[in-house]
Amino acid sequence: MTTSVAAVPILVRGVSKVFQLGGQRVAALDGLDASVEAGQFAVVMGPSGSGKSTLLNLVGGLDRPTGGHILVGGNDIARMDEIALASYRRRMVGFVFQSFNLISSMTARQNVEFPMLFAGVGSDARRARADALLEAVGLGHRAGHRPVELSGGEQQRVAVARAMANAPPILLGDEPTGNLDTRTGEEIMQLLSRLNSAGHTLLVVTHDTRIARYADRIVHMEDGRAVREEPGGRVRRAPQGEATS
């Protein structure tokens, strides 16, 4: 199953995020400027507390900045109301988390179908797309299994398929290899790389230096700011199957 993807740029300008912890104000982001070009694979690295995950949550529309602008495809999501933001999350972004975040009572197929419920996709179309996506990530034969019956790598493959359920142009990864062994982590990165080659814009937060060789750019963060950038290794793999939108 292949579908063209309109690559979308991400532009972060002067973004701050302040949290109130008890009586103390903590600045997670401090006037951050960053960007990801349309169709680019960008990796964000930095020590714990540098603001990496906060940046990902803001770009994903899971939180709002205290100040600044976040332009995605030319639209400032920092200025969207809750209804527009919910639509943005549903149409524009797919998330891949370190802990997989699958629903334990659902099968792999049902987990992949779940985001399509909110997009108003009919049951037959949901099942067909879920099965095609699971086949694309090499898990067509495991569609009826629940997360407890799957390995960590298989669970993350289901999570990638779920992230692609509504064919979003942007994929966001929060330590996607953090709970995986070296070989399995490599397989997940090859899968994400193929999705990037199909046109999806990728923004991945990680401590794993091995991921850097799949990236076009590496942004290093400290104390809520981007302090330097460098080119990534940009390893592009030939498609295996159809891990696309």
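Visitor: In this predicted model, how many of the eight residues of helix α1 are buried?

Guide: A residue is called buried when its relative accessible area is under 20%. By that criterion helix α1, residues 52-59, is mostly covered, with six of its eight residues buried. They are K52, T54, L55, L56, L58 and V59. Just after α1, G61 adopts a positive phi of about 75°.

Visitor: What share of the residues of the protein counts as buried?

Guide: Of its 245 residues, 52% count as buried. The secondary structure comprises six helices and ten strands.

Visitor: What radius of gyration does the protein have, and what would a compact globule have?

Guide: A compact globule of 245 residues would have a radius of gyration near 18 Å, and the protein agrees with this, at 17 Å. The C-alpha trace spans about 50 × 40 × 35 Å along the principal axes. As for the contacts with a separation of 6 or more, 71% of them join residues 24 or more positions apart.

Visitor: How are two packed helices described?

Guide: Two packed helices are described by the angle between their axes and by the distance between those axes. Let us apply this to helix α3, residues 108-118, and helix α4, residues 123-136: their axes come within 9 Å and cross at roughly 125°. That angle makes α3 oblique to α4. The crossing of α3 past α4 is right-handed.

Visitor: Which residues make the contact of α3 with α4?

Guide: From α3 the contact takes A108, R109, V112, E113, M116 and L117, and from α4 it takes R126, R127, R129, A130, D131, L133 and L134. Sorted by class, the residues of this contact are seven nonpolar and six charged, with no polar ones.

Visitor: At what angle do the axes of α5 and α6 cross?

Guide: The axes of helix α5, residues 152-163, and helix α6, residues 182-197, cross at roughly 15° and come within 10 Å. Angles under 35 degrees count as roughly parallel, and α5 and α6 are therefore roughly parallel to each other. Their crossing is right-handed.

Visitor: Which residues of α5 and α6 meet?

Guide: On the α5 side they are G153, Q156, R157 and V160; on the α6 side, T184, E187, I188, L191, L192 and L195. By class, the residues of this contact comprise five nonpolar, three polar and two charged.

Visitor: One of these is E187, found in helix α6. What does its relative accessibility make of E187?

Guide: At 27% relative accessibility, E187 counts as partly exposed. The class applies because the value lies between the cut-off for buried, under 20%, and that for exposed, over 50%.

Definitions and conventions: Residues numbered from 1 in each chain as written. Predicted model: local features only at pLDDT ≥ 70, side-chain atom pairs only at ≥ 80, totals over all residues. Heavy atoms only, no water. Axes fitted to C-alpha atoms, helices over the stretch in contact; angles between N-to-C directions. Helix = DSSP H or I, 4+ residues; strand = E, 2+ residues; numbered from the N terminus. Parallel < 35°, antiparallel > 145°, perpendicular 65-115°, else oblique. Left-handed = near helix turned anticlockwise from the far one by under 90°. Contact = heavy atoms within 4.5 Å. Nonpolar A, V, L, I, M, F, W, Y, C, P; charged D, E, K, R; others polar. Rg over C-alpha atoms; globule rule 2.2 N^0.38 Å. Buried < 20%, exposed > 50% of the residue type's maximum accessible area, 1.4 Å probe, protein only.
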